[in-house]
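Hi there,

Here is the structure I promised to hand over. Please have a look at it first, and then read on for what turned up.

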Amino acid sequence: CNDSQSSLSVNCLDRHVHTAPNKVALIWEKDEPGKEVRVTYRELLELTCRLGNTLKRQGVKRGDRVTIYMPPCPLAVASMLACARIGAVHTVVFAGFSSEALADRIRDGKRLLQTDRGGKVIELKQTVDQAVRACPLVKRVLVSMRTEQKVPMSELHEMMKEDVCCEPAVMESEDLLFLLYTSGSTGKPKGLVHSQAGYLLYTAITHKYVFDYHDGDIFGCVADIGWITGHSYVVYGPLCNGGTTVLFESTPVYPNPVERLRINQFYGAPTAIRLLLRYGDEWVKRYDRSSLKTLGSVGEPINTEAWEWYFNVVGDARCPVVDTWWQTETGGICISPRPSSPGDEILPGMAMRPFFGISPALLDDKGNILTQNNVSGALCISQAWPGMARTIYNDHKRFLETYLMPYPGFFFTGDGAYRTSQGYYQLTGRLDDVINVSGHRLGTAELEDIVHRAVAESAVIGFPHEIKGEGAYVFIVLKKGTDVSQERLSNELKELVSKKIHGGSPFPTRLPKTRSGKIMRRVLKKIVEDKADELGDLTTLDDHEAVEEIIEGHKRLL
Ligand code: PRX
């Protein structure tokens, strides 16, 4: 390799196999509690090489795209690393997504191949078959059996017969490593592109310093590998550091994996913390949590009550809580308290300090930089950093328009933030039409698009939800002459958007719009928050009766 070349799979595997081949790389906490599987670095390297050879045998070449549609399991991690080993680009699609969402993500590329596993309770294979029917460019589907259940097969691979050596491809630092799809405020989800060296460096260094990870620690991040948190802090960061990382097949609402696996750093979303909080202190205290050293929070704001409970009850007031702010776009943690700098104060519910090399800036509506403290503004980053996404796959123009053009000279995050009088950062929420349900990003436009097929018009807004942080609230105008019960339509729509829609008021006949025809979401939001007396400036509102009707409908729902 020259200076600009590297092999990511060598950094995550071979390097550690040379020094500690029998060290555990992965602990797979299966859906059946207590049946965890441990995979050493040597075993993970062998599995990765076998898969790499399988992919090559199936014709996958450097630069080809491979879609991985599997829940967290060693084979899924090995599939990601196998792509990296042969220079292919992986796209992991969250295994909870529908066939249509899967097909959308597959179609965005050209040459591809699918990996999948036979379903347990959820029949993943059927979803894949449906998706693939809509994607004629897919060349192969590889299926791995997770259970004994009979699954209709189109292709079964005999991977275990492959050689355990697979020469790693030498990659340029800016070559593509993976695409990951995420919701934006408009249009279809965008495939953010992450590249090799910068991404790996950034995930490894943030993993080490933010969580104060030391050799021998057991790192437990509960994110699914289908999200960026899973990519960066279940797979790449911990493995590059030669760590032991836990793969949770399902979300652990039980604290017993901490006791059983002796987890040292626990990293999860506030939604899970708020859910646990409801069960009461006794229930958590029943388990031994003495192994815990750092507690992490990610994906959505953590309210003070949840933060205090996490710190005082889960961590016995001795483990620093790191509220980490970052995004699919940033590749790794950008703002967070750093426990590895002992003595740094940590305040509740705040991401606080930029990580090394990150220079945040707050800008006002006119694009002026706010230099003083005690101000709120649009959160931007003023210099490039190693982990940042390089582009949107097949759409660089959209990348520029979304992130670099709103505030020229800055990377715009889409979030708002407050800088306290002490200079700490506190996130205040999205500034665009993106809502955050249980730490998962949903574009309102995307939801409206799904709903629209069944109805004349719709508007989706977020509303505060006690457990999930935010819920999606959908306003629907029915097509003329539609004769269907509210309950039935509501059930059908809920199914359509995979249970992401909450409740539903009686259908209004129209939505409040400006004279130029733009739906006034701000007004809908106030109504849903029971603040109909604070609707603000309505001078541009076209039809006041539309608002009255919706207020009445909402009251009836309550
Ligand atoms: O709005 C911010 C919120 O989640 C968005 C990023 O979502 P995604 O790309 O799916 O990545 C989630 C995991 C990194 C951000 O724009 N967000 C993320 N972390 C925090 C947060 N909001 C408040 N506090 C956080 N710690």
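Which elements cover the buried residues of α9? The cover includes β13 (265-268), α10 (281-285), β14 (294-298), α11 (304-314) and β25 (469-477). Before going further, please keep in mind that this is a predicted model.

Helix α9 itself spans residues 270-279, and its buried residues are Pro270, Thr271, Ile273, Arg274 and Leu276. An α-helix has 3.6 residues a turn, so residues three or four places apart point the same way. You can see that spacing in Pro270, Ile273 and Arg274, which are among the buried residues of α9. Just after this helix comes Gly280, with a positive phi of about 95°.

Now to the nonpolar cores. The largest one holds 83 residues. Within this core, Cys12, Leu44, Tyr236, Leu239 and Tyr267 have the most contacts. The element that gives the most to it is helix α3 (residues 74-86), with 10 residues. Another core, of 24 residues, lies apart from the largest one, and Trp283, Leu295, Trp307 and Tyr310 are among its members.

- Asp323 places a polar side-chain atom 2.8 Å from a nitrogen atom of the ligand.
- Gln327 has a polar side-chain atom 2.9 Å from an oxygen atom of the ligand.
- Glu300 takes part through its backbone, with a polar atom 3.5 Å from a nitrogen atom of the ligand.

On its own the ligand has 540 Å² of accessible area, and the protein covers 94% of that.

A polar atom of the Arg521 side chain lies 3.3 Å from the backbone oxygen of Val460. Leaving aside residues up to four places away in sequence, Arg521 touches Asp433, Thr444, Glu448, Val460 and Ile461.

Happy exploring, and do write back with any questions!

Best wishes

How values were computed. Residues are numbered from 1 along each chain as its sequence is written. This is a predicted model: local features need pLDDT of at least 70, side-chain atom pairs count only at pLDDT 80 or more; totals for chains, interfaces and linings use all residues. Side-chain values use heavy atoms; hydrogens and water are left out. A polar contact is a pair of N or O atoms within 3.5 Å; within protein, one must be able to donate a hydrogen and the other to accept it, and residues adjacent in sequence count only if both atoms are side-chain atoms. Accessible areas come from the Shrake-Rupley method with a 1.4 Å probe; for residues, only the protein chains shown count as cover. Contact means heavy atoms within 4.5 Å. A nonpolar core is a set of buried Ala, Val, Leu, Ile, Met, Phe, Trp, Tyr and Cys residues joined through side-chain atoms within 4.5 Å. Buried means under 20% relative accessible area, exposed over 50%, partly exposed in between (1.4 Å probe, protein chains only). Helices (H or I, at least four residues) and strands (E, at least two) are DSSP runs, numbered from the N terminus.
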